[in-house]
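Visitor: I'm new to looking at protein models. Could you walk me through this one?

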Amino acid sequence: MALLMNPLSNLETYNISEDLGFILEDPLEELPDPYQPWIRLAKNLPSLIDDQQLRDEVKKLPELSICHLQGHKELRLAHLALGCITMGYVWEGGDKDVTQVLPRIIAVPFCEISKKLGLPPIMVYADCVLANWKKKDPSGPMTYDNMETLFAFPGGDCSKGFFLVSLLVERAAASAVKVIPDIFDAIINKNCNVLKEGLRTVSSSLREAEQTFHLVHEYVDPIDFFKILRIYLSGWKGNSLLPEGLKYEGVWNNPRKFSGGSAAQSSIIQCFDALLGIQHGSVHENSSAQFLQEMRDYMPPSHKAFLEAVASGPSVREFILSSKDADLKKIYDECVRALVDLRNYHLKVVAKYIIIPSSQLKNNANRKEVKEDEEKGTGGTDLMSFLKSVRDTTKKACL
Ligand code: HEM
Ligand SMILES: Brc1ccc(-c2csc3nccn23)cc1
């Protein structure tokens, strides 16, 4: 029988790295000379915002055409830099002085670059996590101590910790991505041993991802995260501070709404859901499924295409359900349990970094009511019910 073409046989076509998965390999740190003003502003975000100077400095930027930006990596660095500047510009005044208009001097190039990349004109996970890193010693390992972010936000090392720990979790899970084509080949060729090998790699890489997650306690301070960093990751969709959205001057006549940063924009976790056949409800009636689906539009298009190829590939779950091999069912369940444990660990982290600081600040005598948005995640979701529902549907996938 002719070997069925495996749609995933070449990960490179999806801009996926064999070693680093969805992480952008060796991100650029500099742009061609004309764009130095963008890089300089983005590199000085914390001090400019602390001095309430960022908005004034943005207005002094030169008008720049994007025609000198060549190649994917330059466009990714430009989207990251303008994304950081945009978040800083909108939220420089905190929730007391929110601007409704993004000036044309950055709105026009930011939207043109976004269109070329197929990303929204707002900072996304693929910017500040996947493309926002460098090694201090290029010949050294990808460990926290040998890494640095390219850009940061106010709050000391909080944004560095949050972005780099997320990156290291992505890297730990990346070893599972590269075995997905082998898993599909094993199903096409009905080779149970190769399938078991591939699923063992998936469960062990998920376990390694959960262990890496523990670094968040060492490198991210809960109060700095909740009181300072979170505002800069907030978006303008479902946000009472920008009920109409943000006006992109010189681009669209009406304000536009875009969601704030969420790791539902991370392809890695959605990739495991797709591989294991875990459905988070139907996009028609289930808001969690809708949110997860909507966040795919905030991923690089090639990563979104990869998720769709995995979801439409041969079904691992169906193959195992129809198999008599008890071992295979056991190994599948180990993968599901590893994903449930990762999501449970994440829920504990969210409680420590959002729920507890939120109630502490609410109980603080001289504190105004915490805004109803405060109970929402960075992505503007009612976070605990969303995260618990996603964890629960994962748990239900056990055979
Ligand atoms: C201080 C650490 C963290 C906090 C406070 C946090 C908070 C949140 C919140 C509030 C959400 C709800 C959706 C949203 O509004 O974004 C969320 C979703 C999510 N977070 Fe985190 N997060 C943290 C670290 C991480 C890390 C390190 C990862 C690993 C990559 C991660 C992966 C996810 C994923 C995949 C989702 C989507 C829901 C799901 O698929 O389970 N988070 N997070
Ligand atoms: Br933009 C942006 C988007 C997502 C994240 C992120 C990394 S891990 C995590 N859980 C919730 C959000 N989140 C950080 C910045």
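Visitor: What volume does the largest cavity have?
Guide: Keep in mind that this is a predicted model. Rolling a probe the size of a water molecule over the atoms shows where empty space is left. A search of the whole structure turns up one cavity of 30 Å³ or more. The volume of the largest cavity comes out at about 950 Å³.

Visitor: Which element gives the most to the lining of the largest cavity?
Guide: The cavity has 44 lining residues, and Phe 162, Ser 262, Ala 263, Ala 264 and His 346 are the ones nearest its centre. Elements giving two or more residues to this lining are helix H6 (125-128), helix H7 (158-177), H12, H13, H16 and helix H17 (383-395). The top contributor, with eight residues, is H16.

Visitor: How many residues in the lining of the largest cavity are nonpolar?
Guide: Let's sort the lining by class. Three of its residues are charged and eleven are polar. The nonpolar ones number 30.

Visitor: Which element gives the largest share of the lining of the second largest pocket?
Guide: This pocket has a volume of about 430 Å³. It is lined by 24 residues, and those closest to its centre are Ile 278, Gln 279, His 280, Arg 296 and Ala 311. Helix H12 (267-276), helix H13 (287-295), helix H14 (301-311) and helix H15 (316-321) each give two or more residues to the lining. The largest share, five residues, comes from H12.

Visitor: Why is helix H8 largely enclosed by the rest of the structure, and what covers its buried residues?
Guide: Helix H8 (residues 180-188) is largely enclosed because seven of its nine residues are buried. Those seven are Ile 180, Pro 181, Ile 183, Phe 184, Ala 186, Ile 187 and Ile 188. Their cover includes H7, helix H9 (192-213), H12, H14 and H15.

Conventions: Residues numbered from 1 in each chain as written. Chains lettered and ligands numbered in written order. Predicted model: local features only at pLDDT ≥ 70, side-chain atom pairs only at ≥ 80, totals over all residues. Heavy atoms only, no water. 1 Å grid on protein atoms, 1.4 Å probe; cavity = no way out; pocket = protein on both sides within 12 Å on 5 of 7 lines; lining within 4 Å. Points joined across faces, edges and corners; volume = space filled by probe spheres on them. Helix = DSSP H or I, 4+ residues; strand = E, 2+ residues; numbered from the N terminus. Nonpolar A, V, L, I, M, F, W, Y, C, P; charged D, E, K, R; others polar. Buried < 20%, exposed > 50% of the residue type's maximum accessible area, 1.4 Å probe, protein only. Contact = heavy atoms within 4.5 Å.
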